[in-house]
Amino acid sequence: MNINMLKKLVFLDWILGIKRRWLYYVIAIIIFIIEIGYFISRYYAFRVGGTITSQPGVIDCILFVFNGSEEYKIESGLAFNIPSLWLLLNLFSMYVVGYYPIENLKKYSAQILIRCNNRVEYWISKIIWCIFTVVIFYLLLFVIATIFVVFLGDFSVLLHNDICENIMGINTENMTILRLLTPFLILLMMAIVQVNVSILLSPVTANLIMVIYMVCSVYYSNNFFVYNYCMYSRIFQNSADNIIALVTALIFSLLLLIISSVLALKKSSKIDIC
């Protein structure tokens, strides 16, 4: 592997894939403001009613953004509650991740890759770009949540069970690091899977596959529909019993990542841009 070539590609991705796509991050900030603003409005409604006494913390805000909806049970006869805010955020992040790698190859990378016999660096640089992009999204969420909490006047990072239980319908008394981090780990791994599929097939096909997979996860609760475990409302259902399910979803996501990476790496090594 040519390290110097990889550095050039990573730098190119930083300029073209992040700095010049600043508008996507502005849109993400707007989405975060809308979602956390809605959370704060609900918080005050419960606060006025005397149901809640705690001040929300940063993690309370983040849990609300990724709360999603409870598992849908057809036999209950109840209408399905579509997690519109959760879907909005995740579908937007899919769009941001899905199109850049191939567009970048077509428009810009030829001037560098034409001088390199090995195309592996191209794939590695796109994975690094994907990780940067997802991490920046999460950091923006943390910053926006922090700003909201600071303006409320009593800054706290911690979560509060009375807020989570009344506003989100989840009991966080059995909170663990695994339950807290699972949505972020799965979303990061699935973003890399999407990049790999876009290289293997096409950005449009990759987006279509991932959207269908996400929608199936919303409607059907199954360990292999891993987006189930990107919603805290489902992570905390029967919280004493679902550690195995969380681990299974994480392992399955990792397997998808490994398999898609091997295939995408093989195809990347044969890319012909001449």
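Student: Are Phe66 and Phe184 buried or exposed?

Tutor: Buried means under 20% relative accessible area, exposed over 50%, and partly exposed in between (1.4 Å probe, protein chains only). Both Phe66 and Phe184 are buried. This is a predicted model, in which local features need pLDDT of at least 70 and side-chain atom pairs count only at pLDDT 80 or more, while totals for chains, interfaces and linings use all residues. Residues are numbered from 1 along each chain as its sequence is written, and side-chain values use heavy atoms, leaving out hydrogens and water.

Student: How many aromatic pairs does a search of the whole structure find?

Tutor: Rings of Phe, Tyr and Trp (its six-membered ring) pair if their centres lie within 6.5 Å; planes under 30 degrees apart count as stacked, over 60 as edge-to-face and the rest as tilted. The search finds 17 such pairs. One of them, Phe66 with Phe184, is edge-to-face, at 5.1 Å centre to centre and 70° between the planes.

Student: Which residues do ring pairs link into a cluster?

Tutor: The cluster consists of Tyr24, Tyr25, Phe92, Tyr95, Tyr99 and Phe137.

Student: Which residues touch the most other members of the largest nonpolar core?

Tutor: A nonpolar core is a set of buried Ala, Val, Leu, Ile, Met, Phe, Trp, Tyr and Cys residues joined through side-chain atoms within 4.5 Å. Here the largest has 81 residues, and Phe66, Trp86, Met168, Tyr227 and Tyr232 touch the most other members. Its largest share, 15 residues, comes from helix 5 (residues 120–152); helices (H or I, at least four residues) are DSSP runs, numbered from the N terminus.

Conventions
Helices (H or I, at least four residues) and strands (E, at least two) are DSSP runs, numbered from the N terminus.
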